[in-house]
Amino acid sequence: MENSDPNTEEWRLKFIEYYTANAPSKVRMVTPAMMSKWSGKYDSLMANLVKKYGVLGSPIEQPSPAATPRGGGGGGSGKKSISDFRDDFISLVSKATPTLAPRSPTLNVAAMKAAATANGLETSTFVVCSRVRPLLPHEVAMGGEAFAAVTPGPRTDTAGSDSVHTEELLLHVPKVSMMGVAKLETSRNEFDYAFGPDSTNAEIYDLACKPLVERCMNGQIGVMFAYGQTGSGKTHTMGGILDILSKSEIFSPKTDVTFSYIEMLGRDIKDCLGNAEKPVAIGEGLNGAVLIRNMSSHNVADAAQLNTFIVKAAATRATAATTKNDSSSRSHGVAILKVTDKKTKVEGTLYVIDLAGSESAKDSKDHDSNRMKETKEINSSLMALKECIRARTSAASKGELHVPYRRNKLTLLMKDVFDIGCSRLCSTVVIAACSPLASDISHTSGTIKYAAPLRVSVSANANSNKKMERDLMDPALWSNEKVVEWVGNNEAASGKINAEAFVSGLPGVKFCALPEPEFYTRAEAQLGDNEGMMEVAKSLYLGMWTLIVDAKTRKRRPDGSIITPEQEEAERKQLELDKIEKARVWAEREKHMKTDMG
């Protein structure tokens, strides 16, 4: 029988995602027969699954079948464990790990993604990385399953692809066969960057974070956040990034710099540099702008002062002992750095976010009620973040405009990243922090399952086979001649500047990608430093971004064709007529029924 539930496809995708994260061997159960059987009762099925396999992203380990003693007796030596073959596994992992050449000094994946404009200007891009921390001294001394089983893999460059640079992370799962032979089951996971245990914070800053700082200094938005198991090195990575950032080129006589730091746990938000007793509130104004109340903002004059604030914020942040980490971060730490041009007042923002450590059911089994509540809040916000990234990358290519960033305070704070109508370029870097230990391989696999699909969804959407109708009103798709014509016809610029010199040979996509300060620089080169220059630059920049946002938010049909305002109005009127006709038919039917009954 055909399934009549209109939400069937949405639930089918939810079940696939749930099984993939919590019970991979059960994914094959999501069949049309199962969906038909549970039609109308999908929420009950999901509740049952959560009871058995745990909340999404935190699987409950299922009991293994009891082993049957060989020969009917119990006096044998028993099956050997992974620990018994420790040296063999260390040797196997070493042989399976390739020797990697240094990366190209000119490699910049963030710039590559921003330049991939299959359907106009991509205003929000995502670079997905992994980082494996080194083994700690006490882990080396533990023996047993405390050996490295997660390593960086091959790197490839593919010309003509949106994902022009790919690096693999290898998960070597140790197994002992029934014959007592040690073997590895290796899975390959693709990232934009895969940083190994020898990678430094400086290397990660140069490759992943520096492009975000440039975004911030150009009046745009950069976001960097780390996700992973508690004790996997997230705070070490993000703290190191902030330390390097404090010594970077952000300080200039031409700019003002401010710094804020808040911690978030569910709906509870605290200012780590201000009045901790007064909760921070995050919401939206009538104009759609994100409003933050009770968050202090501190002017920073130099690197030493910024470092002082960073140290103070780190000392204030909430931590607690867990099974995996004596000082696990129990909240999301959000550093907010704003850089404002003194002359033009153009403001850029950089978010450096240290997400709270995720925990599996095994790691959290000994928590009290407060710790369990924290774990639930943490996992809920992490899934909301993942959902928003997936929805945003989908919106970029499919014309789907809804991204559910309002469901969580963390994603609401990052509205500019997820809002398809944002009028500034945004770049986001995701770092999946991984433990190298074989004993943590199950949780590391969960971390990879969270992060790796984000990159896959970006690539899949960018290379979607759906034919999108070309939007002739999208300035990113204009030729150089069309851009020159538009600049020359701008009301504020017409007759005041040489449009051809202002555009300087750029096609639409490159002209649209220019940061706002560049518009002021080009206008000043022709008009000098005066109020007239400011008016021309602002008019051109805002006018261009109005067209970009209009193009991004243009409604489309499922086949990718554009719905014009006239067509939308005609469809609205037709729906009204259909509604009136349906009401007339029902009224006529009711009248006949009354006549028949009389």
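This is a predicted model: local features need pLDDT of at least 70, side-chain atom pairs count only at pLDDT 80 or more; totals for chains, interfaces and linings use all residues.
Residues are numbered from 1 along each chain as its sequence is written, and side-chain values use heavy atoms, with hydrogens and water left out.

Let me start with strand E16, residues 426–434; helices (H or I, at least four residues) and strands (E, at least two) are DSSP runs, numbered from the N terminus. Nine of the nine residues of E16 are buried, so the strand is largely enclosed by the rest of the structure, where buried means under 20% relative accessible area, exposed means over 50%, and partly exposed lies in between, with a 1.4 Å probe and protein chains only. Both faces are covered, with Cys426, Thr428, Val430, Ala432 and Cys434 buried on one side, and Ser427, Val429, Ile431 and Ala433 buried on the other.

Which strands pair with E16? Two strands pair if DSSP finds at least two bridges between them. Strand E1, residues 124–132, runs parallel to E16 and is joined to it by nine bridges, with Cys129 standing opposite Ile431. Strand E6, residues 221–228, also pairs with E16 in the parallel sense, over eight bridges, and there Gly228 stands opposite Ala433.

Staying with the cysteines, Cys129 counts as buried at 0% relative accessibility, and Cys512 is buried as well, with a relative accessible area of 2%. The structure holds zero disulfides, a disulfide being a pair of cysteine sulfur atoms within 2.5 Å.

I turn now to charged pairs. Side chains of opposite charge can pair when their charged atoms come close. Taking a salt bridge as a side-chain nitrogen of Lys or Arg within 4 Å of a carboxyl oxygen of Asp or Glu, the count comes to 22. One of them joins Arg155 to Glu167, with the closest N and O atoms 3.8 Å apart; this pair links distant parts of the chain, since Arg155 lies in strand E2 (residues 150–157) and Glu167 in strand E3 (residues 165–176), twelve residues apart. Arg155 is partly exposed at 27% relative accessibility, whereas Glu167 is buried at 1%. Both belong to a network of salt bridges that links Arg103, Arg155, Glu167 and Glu203.

How does the salt bridge of Lys247 look, and what is its partner? The partner is Asp243, with the closest N and O atoms 3.0 Å apart; Lys247 is exposed at 57%, and Asp243 is partly exposed at 33%.

Finally, helix H18 covers residues 531–552, and at 1.5 Å a residue its 22 residues should span 32 Å, which agrees with the 32 Å between its end C-alpha atoms; the expected span is 1.5 Å times one less than the number of residues. At the start of H18, a side-chain oxygen of Asn530 reaches to within 3.0 Å of the backbone nitrogen of Gly532.

Thr344 lies in the loop between strands E14 (332–341) and E15 (347–354), and counts as buried at 10% relative accessibility. Leaving aside neighbours within four places in sequence, Thr344 is in contact, meaning heavy atoms within 4.5 Å, with Tyr520 and Met534.

Methods:
A polar contact is a pair of N or O atoms within 3.5 Å; within protein, one must be able to donate a hydrogen and the other to accept it, and residues adjacent in sequence count only if both atoms are side-chain atoms.
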